[in-house]
Amino acid sequence: MNEQDQQVEQFTPAREFALWLRAVQSFFNTANHPLSAAERADISTRNFKCETRVVHDVLLRCLHLLGGVEQGEQAQGFSDLKNSLGDLSDTLKDAFGLSGALLEAQAVSSGGWAGLGSVLERELKRSDAAAQITKAGQDADTARVPAPLVALAKDIGPDELGEDMLAIFSAFARLLALLRFIESSLRGDAKLKRLLAVFALVNEETRSLLDFIEGRALRVEGLEKGGREILDGTAYAIRMELRKAFEHELVGFCSIRQPPQIFARSENACGLLRDCYQQSVVALAQNFDPSLRGEKLFESFETKLEQSLALRRDLWRLIKIVRTASADANALTPAQLLEGINAFHEGSLRHLMYKDWEPLERFVEEIESARSPAELSQTLHRFEAFLETLFGQVNMRAVLDGHPFDTGSAEY
């Protein structure tokens, strides 16, 4: 998967526990699920066994984390919640047992699914420990708003607009924290299907942010035309990327059995949203202070730019190699062709999304196994078309805005 220069963010047991409590509640709202239009239209007859298995796994993780929360309760400021933590543990055990019982049946009806959600939500709302731990987790994520953005929001006038911008930056900070958790889970050995609950929380919080932008921030008095346009454009871009993630990349996620596919879809959806949210923050900030740079706000922004520049350059070099070999069978020896391909494979391939690795490797296998010049020529034509499409996708990365490509700069 894509390498990032920032270290994998560490989530304390209490912070991760808070995240899962929020995620599992969001997950019971089917509006947050990545469903096709046909699935959503037929939701009442859906078999929720797969989703119930996700909840079962999330609750098991919560029970495991709760032990760490209880051990560190005094250090975390939860020393006054000892009894409430015990009650919360009982609530989670009961819900875990109920979800396990539902899984023994061949199917879980929409009524059974909704009933499980209602029981868990009711008990969590009664829990002082759940409320305090969840709030502490959200506060920890909000506190990660980059200092330049906090200072910028304080200087924006009128005060109402400044407060709204800080609320928007804070919402983005919480969303990016959720995506960093997904990224860290992809790097580790966590069970990936339970990340569907975290994606549901991302969906819910993103839509809440869109409601805030469109229902309040865009109506603030004193908002100039340029600011209104950038907010409106930001909302539009977010809605489009959210649709790509939840109506394309993640549709059918729950029923996928192959781990590589689960990994690829998770990574792609996470990457789409992360890049969109970071670019949105940068664009909003630069509307009020053009001197603010993305790399000053996000540690990974500069590295992402460097990686994307290198990837684009090396893809273009590979396209030229394949194009040359395709146009003239004698222009390059098979060894020279494979040398150029292998150089990309050993270098910039790691900066591609994981989902693009497999088709590229299949083309390499076809090239190596071609039995005649005609067969090789056909394969190279298809490979060239694939690489050109891939190049176009890379060139559209938000981080490359303002960095036009010079086709004459990438010689091989």
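Across the whole structure, a search turns up 23 salt bridges, each a side-chain nitrogen of Lys or Arg within 4 Å of a carboxyl oxygen of Asp or Glu. Before you click, note that this is a predicted model, where local features need pLDDT of at least 70 and side-chain atom pairs count only at pLDDT 80 or more, while totals for chains, interfaces and linings use all residues. Residues are numbered from 1 along each chain as its sequence is written, and side-chain values use heavy atoms, with hydrogens and water left out.

Select Lys-125 and Glu-121 to begin. Their salt bridge has its closest N and O atoms 3.5 Å apart. The two sit four residues apart in helix α5 (residues 110-126), so about one helical turn separates them; helices here are DSSP runs (H or I, at least four residues), numbered from the N terminus. Lys-125 is exposed, with a relative accessible area of 64%, and Glu-121 is partly exposed at 38%. (Buried means under 20% relative accessible area, exposed over 50%, partly exposed in between, with a 1.4 Å probe and protein chains only.)

Now pick Arg-274 and Asp-275, whose side chains meet in a salt bridge at 3.2 Å, N to O. Arg-274 is buried, at 8% relative accessibility. Then select Arg-15, Arg-22, Asp-141, Arg-174 and Glu-205 together: salt bridges link them in a network.

Next, Arg-46. Glu-39 forms a salt bridge with Arg-46, with 3.5 Å between the closest N and O atoms. The charged end of Arg-46 also sits over the ring of Phe-48, 6.0 Å from its centre (the test: NZ of Lys or CZ of Arg within 6 Å of the ring centre and within 35 degrees of the ring normal).

Phe-48 leads on to the rings: Phe-27, Phe-28, Phe-48 and Trp-113 form one aromatic cluster. In total there are eleven aromatic pairs, meaning rings of Phe, Tyr and Trp (its six-membered ring) with centres within 6.5 Å; planes under 30 degrees apart are stacked, over 60 edge-to-face, and the rest tilted.

Last stop: Phe-199 and Phe-246. Their ring centres are 6.4 Å apart and their planes at 80°, so the pair is edge-to-face. Phe-199 is buried at 0%, and Phe-246 is buried at 5%.
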